[in-house]
Amino acid sequence: MQTPYILTQLMHYVDRGYFERQVSRYGGNRYVKTFSCWNMLSCLVWAQLSGARSLRDIVMCQNCHRDKSYRMGVGRNVSRNNLSNALAKRDVAMFRELASRMMERTGGTCIRNDPLKEIAEAFSIGGFFAADSTTVRLHPGRFGWTTVKQGWGGIKAHVLFDLLRYVPTFCLVTGHEEGDQTFMEDYPYSQGCMYLFDRVYNKPSALYHIHRSGARFIVRGKTDPSIEVVHPYSNGGEDRNVLADRKIRFIGPKSRKGYPVPLRQVLYHSESLDANVSFLTNDETLPADIVADIYHFRWDIEVFFKWLKQHLNIQAFYGQSANAVSIQVYVAIITLCIVALVASDHNVTSLSHYELSRVLACAITHRYWLPDLIRLASERSSNDGPNTSNTQYPSLFD
């Protein structure tokens, strides 16, 4: 049996049957003779891993491997014209649905955050998720369809991020003018799980929606909320930085209507910020210091956004239409999910997702069995010393 190319093995992690059903549903291959939607997807995954910055980069790379392209699933007819037309005209919904499917599958991958795993097991929490958004600025002269705000256009990716597995579980691409709170009630909340939000997500009606769904949340409180104290909880002296732990309720008319039941407030002194921070939560069982400790992990989604922008290509776009830009973002998410599934399937613990993606990129056009490649890379990584990073991505200061 001939050894398949690395790209071919990676694309086996994509549910092709599901994708082809979406292609049929949205007419993606209608009037297409040579460059199918599967060819397009394979080509764009290759481009994401290899770091191609433009259509010219993609085509030049493909021309260097013209004899391999067909066997890798990319097809024989990769040209700037074919790619440009496909990005502009093929329905983005096909790629959005596939990204959702891939993110659903990564929910079963192995846990990579041991400190949070210990907290989850100790307090019977089903999972930890952080919600946030990231904006990519676009020049209004080149991207004329975008809404101009403060002199710039842009898109915004609204993401729900699994903090235990370092993978996204929900992603929606919109214009940058959309508020972060707009889609809070559209996130897929699961009973018994914990969701972390920044202060911009302090929307009482959406928080009450999470509460009624049986999920838990921690949100950073506003500096001047309209609240009244119902009664204090016992601090128990677990942490000198815990300034207050109390049951409260909203007293503003709109806030009280949105969240009509009491909730919990933890006031905590952050030594790193040298400031007092307020956390609101509907969980009454966690110790106050653990509430603050859990919230620190919300920073991992910010590190993920930096990695997504710098190492998966969503800064330089292959097309100027809204369709092309959205497709590229969803393919970046699909590529990340492929890397996460490979890491879980082969029990990769010595390499982060970022490091594994670099290994795969270097060998993507070679005939090499994936398990052998990963074993070799893991052995060399182990010889270099243990990975002491707290996340699966480079720090914000790398």
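Reader: Why is Glu-228 called partly exposed?
Author: Glu-228 has a relative accessible area of 32%. Buried means under 20%, exposed over 50%, and partly exposed in between (1.4 Å probe, protein chains only). The 32% of Glu-228 lies in between, so Glu-228 is partly exposed. This is a predicted model, in which local features need pLDDT of at least 70 and side-chain atom pairs count only at pLDDT 80 or more, while totals for chains, interfaces and linings use all residues. Residues are numbered from 1 along each chain as its sequence is written, and side-chain values use heavy atoms, with hydrogens and water left out.

Reader: What makes the meeting of Arg-249 and Glu-228 a salt bridge?
Author: A salt bridge needs a side-chain nitrogen of Lys or Arg within 4 Å of a carboxyl oxygen of Asp or Glu. The side chains of Arg-249 and Glu-228 are 3.0 Å apart, N to O, so the pair meets the rule. Arg-249 belongs to strand β7 and Glu-228 to strand β6, so the bridge ties together parts that are 21 residues apart in sequence. Arg-249 has 26% relative accessibility and therefore also counts as partly exposed.

Reader: How many salt bridges does this rule give?
Author: The count comes to 12. Asp-132, Arg-298 and Glu-302 are linked in a network of them.

Reader: What does the salt bridge between Asp-15 and Arg-101 tie together?
Author: In this pair the closest N and O atoms are 3.0 Å apart. Asp-15 sits in the loop between α1 (6–11) and α2 (16–26), and Arg-101 in helix α7 (residues 92–106), so parts 86 residues apart in sequence are joined. Asp-15, at 23% relative accessibility, counts as partly exposed; Arg-101, at 28%, does too.

Reader: Are Lys-156 and Asp-180 buried or exposed?
Author: Lys-156 and Asp-180 are buried. Their side chains form a salt bridge at 3.1 Å, N to O. Lys-156 lies in strand β2 and Asp-180 in the loop between β3 and β4, so the pair links parts that are 24 residues apart in sequence.

Reader: What makes β3 and β6 edge strands?
Author: Nine strands form an open sheet of mixed pairing, in the order β3-β2-β1-β4-β5-β9-β8-β7-β6. Strands β3 (167–175) and β6 (227–232) each pair on one side only. Two strands pair if DSSP finds at least two bridges between them. Strand β2 (residues 153–162) and β3 have eight, in the antiparallel sense, so they meet the rule. Ala-157 has Val-173 of β3 as its bridge partner.

Reader: How do you know which class α6 and α13 belong to?
Author: Helix α6 (residues 80–89) and helix α13 (residues 322–345) pack at about 95 degrees, with their axes 6 Å apart. Therefore α6 and α13 are roughly perpendicular to each other. Leu-87, Ala-88 and Lys-89 in α6 meet Asn-323, Ala-324 and Ile-327 in α13.

Key
Helix = DSSP H or I, 4+ residues; strand = E, 2+ residues; numbered from the N terminus. Axes fitted to C-alpha atoms, helices over the stretch in contact; angles between N-to-C directions. Parallel < 35°, antiparallel > 145°, perpendicular 65-115°, else oblique. Contact = heavy atoms within 4.5 Å.
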